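The entries follow in the order I made them.

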Amino acid sequence: MAEIAVIGGGLMGHGIALVLALGGHGVRITDTQARTRAAVPVLMASALATLQEAGAAPEGWDAARLAQAVRVEAELEPTVAGAGLVIEAITENPEAKRALFSELDRICPADAILASNTSYLDVFPLIPDSRQARALVMHWYTPPYIIDLVDVVPGPGTDPAVIEAMRDLVLGLGQVPIVLKRFIPGYVANRIQSAISAEVFRLLDEGVASPREIDDAVIHGLSLRIPILGHLAKADFTGLELTQRALANASYAPPPARSRSETLEALCAEGRTGVMAGRGYFDWGGRDPAELFRERDRKLLALKHAMAGIGRMEGT
Ligand SMILES: NC(=O)c1ccc[n+]([C@@H]2O[C@H](COP(=O)([O-])OP(=O)(O)OC[C@H]3O[C@@H](n4cnc5c(N)ncnc54)[C@H](O)[C@@H]3O)[C@@H](O)[C@H]2O)c1
């Protein structure tokens with residue numbers, strides 16, 4: 001794709017722009033906030049440095065080349081002029097997205113593909129009818145330059161050729177597209193993660209296990225198998241009759257839907273809101289959040305490198 005426009009330069013937008021640029025695309029990006037526009041090149045350069053340190057960036061890139069590949073624009077119109085693909089990554093607010101799509105309809109080339117990075121909103125009713133054939137969801141995960149999955153999701157009127165082209169584009173970036181049949185809030189990975197969260201809230205609120213014990217169970221019990229087997233190949237190894245019997249015994253009931261968790265409320269009330277506040281479920285020992293993010297990214301990249309060497313089970 002010759003030129004790609006990214007609208008919204010926040011947490012996701014700058015990361016998506018970096019992935020597209022390193023994949024050889026010309027990128028323009030805009031944001032309504034001047035502060036965010038100024039931060040985009042800095043954040044991209046820092047992410048590039050992390051990738052380079054891990055040997056995970058293509059050769060020959062530096063901040064100057066990045067600045068040429070990703071043009072930061074103050075206005076929407078020059079951002080989308082002549083763009084073949086426009087990726088919306090603005091705030092998760094239906095009215096803001098509706099207003100943006102209406103404006104994009106007015107100013108984008110007639111054949112431009114309009115993609116949304118929304119996590120949970122059904123954006124298709126927010127997109128003008130005349131654009132439906134070339135509209136889709138392309139949903140990245142954070143940070144997009146490390147996590148490879150991209151959900152590619154058609155709306156009710158999306159031309160299958162557009163889905164195919166966007167799947168190929170994601171493959172060309174060295175990432176992993178999954179094409180869903182239809183929109184469903186949270187797609188696959190976030191829905192599974194939400195089911196895990198619901199169970200974790202129950203275990204914590206009922207005092208069954210501590211945060212450390214829960215994360216020990218996740219790290220040492222669940223996660224080692226997942227990179228090689230996923231979930232369903234693991235079931236094949238367990239044996240499906242056992243899975244069938246476990247279902248029939250009905251000895252496990254998933255937690256009922258809830259809108260709050262007492263342990264979570266208590267932490268937030270104390271200002272323990274996570275890494276940025278220095279404490280959340282864990283105490284992060286007064287360490288600089290930027291350093292914590294770098295440590296996370298270094299470890300994720302090392303794991304990803306090892307996974308690429310090991311590979312998943314053949315045939316799955
Ligand atoms: N944060 C995540 O982990 C994650 C993951 C996948 C998808 N998403 C989705 O990506 C989208 C963006 O999320 P984020 O986490 O990057 O949010 P963010 O708040 O970090 O960034 C959104 C940016 O959009 C800008 N913006 C708002 N309205 C605008 C407009 N009309 N034109 C241009 N810029 C505008 C804001 O100034 C802000 O900088 C949301 O739809 C979100 O659901 C987020």
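Is Val153 buried or exposed? I counted 25 other C-beta atoms within 10 Å of Val153, so the residue is buried. The cut-offs I used are 20 or more other C-beta atoms within 10 Å of a residue's own for buried, 12 or fewer for exposed, and partly exposed in between, with C-beta atoms placed from the backbone.

Ground rules, before going further. This is a predicted model, so I took local features only at pLDDT of at least 70 and side-chain atom pairs only at pLDDT 80 or more, while totals for chains, interfaces and linings use all residues. Residues are numbered from 1 along each chain as its sequence is written.

Entry: I found Val153 in strand β7 (residues 149-154); strands (E, at least two residues) and helices (H or I, at least four) are DSSP runs, numbered from the N terminus. Leaving aside neighbours within four places in sequence, Val153 is in contact (C-beta atoms, placed from the backbone, within 7 Å) with Leu136, Val137, His139, Leu180, Phe183 and Tyr187. I also looked up Ala115: it lies 38 residues from Val153 in sequence and 9.4 Å away in space, C-alpha to C-alpha.

Entry: the core. Ala115 came up again in the largest nonpolar core, which has 55 residues; Val6, Ala17, Val86, Ile87 and Ala115 touch the most other members. Such a core is a set of buried Ala, Val, Leu, Ile, Met, Phe, Trp, Tyr and Cys residues joined through C-beta atoms within 7 Å. Helix α1 (residues 11-22) gives the largest share of this core, eight residues. Beyond its neighbours within four places in sequence, Ala17 is in contact with Val6, Val27, Ile29, Met44 and Val70.

Entry: strand β4. I noted that Leu85 and Ile87 point one way from β4 (residues 85-88), Val86 and Glu88 point the other way, and all are buried. Strands count as paired if DSSP finds at least two bridges between them. Four bridges join β4 to β1 (residues 3-7), and these two run parallel; Ile7 stands opposite Glu88. β4 is likewise joined by four bridges to β5 (residues 113-116), again parallel, with Leu85 opposite Ile113.

Entry: helix α7. I checked the length of α7 (residues 189-205): its 17 residues should span 24 Å at 1.5 Å a residue, and its end C-alpha atoms are 24 Å apart, which agrees. The expected span is 1.5 Å times one less than the number of residues. Just after α7, I found Gly207 with a positive phi of about 70°.

Notes. Contact = placed C-beta atoms within 7 Å.
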